Amino acid sequence: MDFGSQTVIRDLSFDVHAGETFGFLGSNGSGKTTTLRALLGIYQPTAGVLHIGGKVFEPRDGARLGYLPEERGLYKKEPVLDVMVYFGRLKGLSRDAAAAWSRTYLERVSLADKATTRLDKLSGGQQQKIQLGVTIMNDPELLILDEPTQGFDPVNRRLLMDIIDEQKRAGATVIMVTHQMDEVERLCDRVVLLKDGTAEAYGTVEDVQDKYGGTVVRLLYAGPLPTSDLFDVISADGSSAELAPRAGTDETEILRELLGHGVAVRSFTPARTSLEEIFLRVYGIQNELVGV
Amino acid sequence: MAQHNLGTVVGFEFLRVVTKKRFWFAALAVPIALAAVFALVFISNSSTDQTAKAQKNAQFTFTYTDESGLVTTAVAATFGGTSAADGDQAVADVKNGTVDAYFAYPADPATQPVRVYGVDRGIFENGKYDAVARQILVAGAQQTIGSPALSAMAQGDVKITSETYKDGQVSGGLDTVIPPLLFLLIFYISIVMLGNQMLNSTLEEKENRVTEMILTTMNPTTLIVGKVISLFMVGAVQMITFALPVVIGYIFFRSNLNLPDVDLSHLVLEPQAMVVGFLLLLGGFLLFTGTLVAIGAMVPTVKEAGTYFAPLMIMIFVPFYVVSVIVSDPHAVIVQVFTYFPYTASVTAMLRNGLGSLTLAESGIVIVELFGLGFVALRLAVYLFRYGSIEYSKKLALRSVLRRKSRA
């Protein structure tokens, strides 16, 4: 995918299996939104296509596709229900069905009393809920969500995640762009990590954790932390630390080494590296933070 | 499904305009103003009628002297006048209020003024002195001629019917010119009233960031065509709203409002001119709609769109600067240029079609040109919206968009 002389996405190919939730990860400007827009035909890709169920995707009337774009917006001067019914009809629902669905949804997200209110009279979070409602109307087979939690408080974020989870359980395939790594770990089956327009990592969450982080040791301790050939110190603040075992090193050897150097170990927990940690490593921020 | 969505788009776009208070405020402002003017004219005319009747019936005393010999005592007496022996005394009588007025008819009223002296009754009522003095003289002159028919002719009250021929057939004259020119009127009203809405029709999707939702839900061609149809419907509602008080006023209050009696049965509908006029109207509307929607898809804000709107509006008025040449010399270079330049073609060709100077071949070329370029402009508008409206906050570089290979 080129913009003028600049190539923004190159040699990127990935599969999303039916019914799974796929995480699309990357730092700002890594090409996530551009990729989605190119896949959906909003941008004209230099090369490449989106296949859905083996067929080339063409945006067409009535496609059961739900897309929540990064740039949100609806017809702001229109009443909530009118806008929802309009999009429902565009997605193939009858007027009555669209209105009934919209009222049920508004009830669900505590906006039933706003049905006749103009969209621009709602708060940003309330508008986000309406946008999500429009996205999931008519039970999409493929749900593409670009930073869905953006603008939500923690309570509504949980509500939104529950709704996405319901869609998944109903059989929808979900592609999700997000910076909330805990959500990725909780919801996603597989992920792709995008860096400079290429796939830096691709696979199940566990595969990526194993490949990029492997195991880490979370340590609560007292006393000086020794330098060792057995592990690297990822982070340490005098009472807690995260250690990365070097290749071929067993966690037991590390514990023995620490005790041997007189470290008072209060807690020693081997765990997989978090996606957030991997994210920081991949994008080079980890080193800068440790350096500080 | 596309058909279903077209209906959905048309319904949504139409209803959300006509259900807004501000639409009716704007649409009704002109009819209300017209109704107010009509009401004032009505009241004023009623008042004038009453005043005229009152003046007609109001007798006043006057004296006169006549050096022309045209004024007869009998006529003057019917108005309440008597002959005065001395002009100076008669003026003095007016000044002291003994009589209301004194008229001094000169020896040659054709070259010399009739002098009128009267007691001041206010600006409007003072007019009666002139009126009576004049009428007495006219009646005297008619009696001198001795024939009502000759008198009528002397006043220019003559009926004339004329018949002209074109290619050996009777031509309809002005009655054949008016009907095809009505298409020009409709074109102007449509573009002036709807132009701004056309320009802004796709801007709303950009400004509200709805573009991506739309592009992944429906075909952009359906959206654009739906918007154009709904705009046309909105325009029709506006025109009906504007025209209704005029039609009601004409039908029910024509005489009270002093409106001319237009006999539509005299108009001649020449099939060729009417068909050509209709096609020029459609083609011109298509071209301007496509162009305005394309501009809307290119620019990020209403304000920026406005800078492109003015030149297009000028284009449709420019032909009127050479209207005298269009009438007198339709083969002049400037007229030919305006006839074929796309954005002046519709107005110039409609004018020439009405005036009967547009040949069938020229009509065909201009109609094909307008429809062809109109479809290209609409196609371009869809393409720009499809691949350009995602540029939410900056003006679209047309060249870069067109360089991209179309997949639409």
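This is a predicted model: local features need pLDDT of at least 70, side-chain atom pairs count only at pLDDT 80 or more; totals for chains, interfaces and linings use all residues.
Visitor: Okay, and where is Asp139(A) found?
Guide: Asp139(A) sits in the loop between helix 4 and strand 7 of chain A. The phi of Asp139(A) is near 40°, a positive value in a residue other than glycine.

Visitor: What about Asn138(A), what phi does that one have?
Guide: Asn138(A) has a positive phi too, about 65°, although it is not a glycine. Asn138(A) lies in the loop between helix 4 (124–136) and strand 7 (142–146) of chain A.

Visitor: Is Asn138(A) buried or exposed?
Guide: Asn138(A) is buried, since 20 other C-beta atoms lie within 10 Å.

Visitor: Let me zoom out. How many helices and strands are there in chain A?
Guide: Chain A has 10 helices and 14 strands. Its C-alpha trace spans about 75 × 45 × 35 Å along the principal axes.

Visitor: And what percentage of the residues in chain A is buried?
Guide: Buried residues make up 36% of the 292 residues in chain A.

Visitor: Which domains does the assignment give for chain A?
Guide: For chain A there's domain 1, covering 2–205, and domain 2, covering 215–272. Taken over C-alpha atoms, the centres of domain 1 and domain 2 of chain A are separated by 42 Å.

Visitor: Tell me about a sheet. In what order do the six strands of the open sheet in chain A run?
Guide: The order is 6-7-8-3-9-10, and the pairing is mixed. The edge strands are strand 6 (65–68) and strand 10 of chain A, each pairing on one side only. On average, neighbouring strands of this sheet are turned by 10° against each other, direction ignored.

Visitor: Strand 10 of chain A again: in which sense does it pair with strand 9 of chain A?
Guide: Strand 9 (residues 190–195) and strand 10 (residues 198–204) of chain A pair in the antiparallel sense, over six bridges. In strand 10 of chain A, Ala201(A) is the bridge partner of Leu193(A), and Thr204(A) is the bridge partner of Arg190(A).

Visitor: How many residues are between the strands in that hairpin?
Guide: The hairpin of strand 9 and strand 10 of chain A has two residues between the strands, and Asp196(A) takes a positive phi near 50° there.

Visitor: What separation do the C-alpha atoms of Asp162(A) and Ile234(A) have?
Guide: They're separated by 34 Å, and Asp162(A) and Ile234(A) are 72 residues apart along the chain.

Visitor: Over to chain B. Which domains does it have in the assignment?
Guide: Chain B is assigned domain 1 (54–154) and domain 2 (171–403). The centres of domain 1 and domain 2 of chain B, taken over C-alpha atoms, are 60 Å apart.

Visitor: What's the order of the four strands in the open sheet of chain B?
Guide: The order is 2-1-3-4, with mixed pairing. Strand 2 (81–83) and strand 4 (115–118) of chain B are the edge strands, and each pairs on one side only. Neighbouring strands of this sheet are turned by 20° against each other on average, direction ignored.

Visitor: And in which sense do strand 1 and strand 2 of chain B pair?
Guide: Strand 1 (residues 62–66) and strand 2 of chain B pair in the parallel sense over three bridges. Thr63(B) stands opposite Thr82(B) in strand 2 of chain B.

Visitor: Last topic, helices. At roughly what angle do the axes of helix 7 and helix 11 of chain B cross?
Guide: The axes of helix 7 (residues 174–200) and helix 11 (residues 271–298) of chain B cross at roughly 10° and come within 10 Å. Helix 7 and helix 11 of chain B are therefore roughly parallel to each other.

Visitor: What kinds of residues does the contact of helix 7 with helix 11 of chain B divide into?
Guide: The contact of helix 7 with helix 11 of chain B has 18 nonpolar residues, seven polar and no charged. As for handedness, helix 7 of chain B passes helix 11 of chain B in a right-handed crossing.

Terms used. Residues are numbered from 1 along each chain as its sequence is written. Chains are lettered from A and ligands numbered from 1 in the order in which they are written. Axes are lines fitted to C-alpha atoms, for helices over the stretch in contact, and angles run from 0 to 180 degrees between N-to-C directions. Angles under 35 degrees count as roughly parallel, over 145 as roughly antiparallel, 65 to 115 as roughly perpendicular and the rest as oblique. A crossing is left-handed if the near helix is turned anticlockwise from the far one by less than a right angle, and right-handed if clockwise. Ala, Val, Leu, Ile, Met, Phe, Trp, Tyr, Cys and Pro count as nonpolar, Asp, Glu, Lys and Arg as charged, and the others, Gly among them, as polar. Domain bounds come from an automatic or database domain assignment. Two strands pair if DSSP finds at least two bridges between them. A residue is buried if 20 or more other C-beta atoms lie within 10 Å of its own, exposed if 12 or fewer, and partly exposed in between; C-beta atoms are placed from the backbone.
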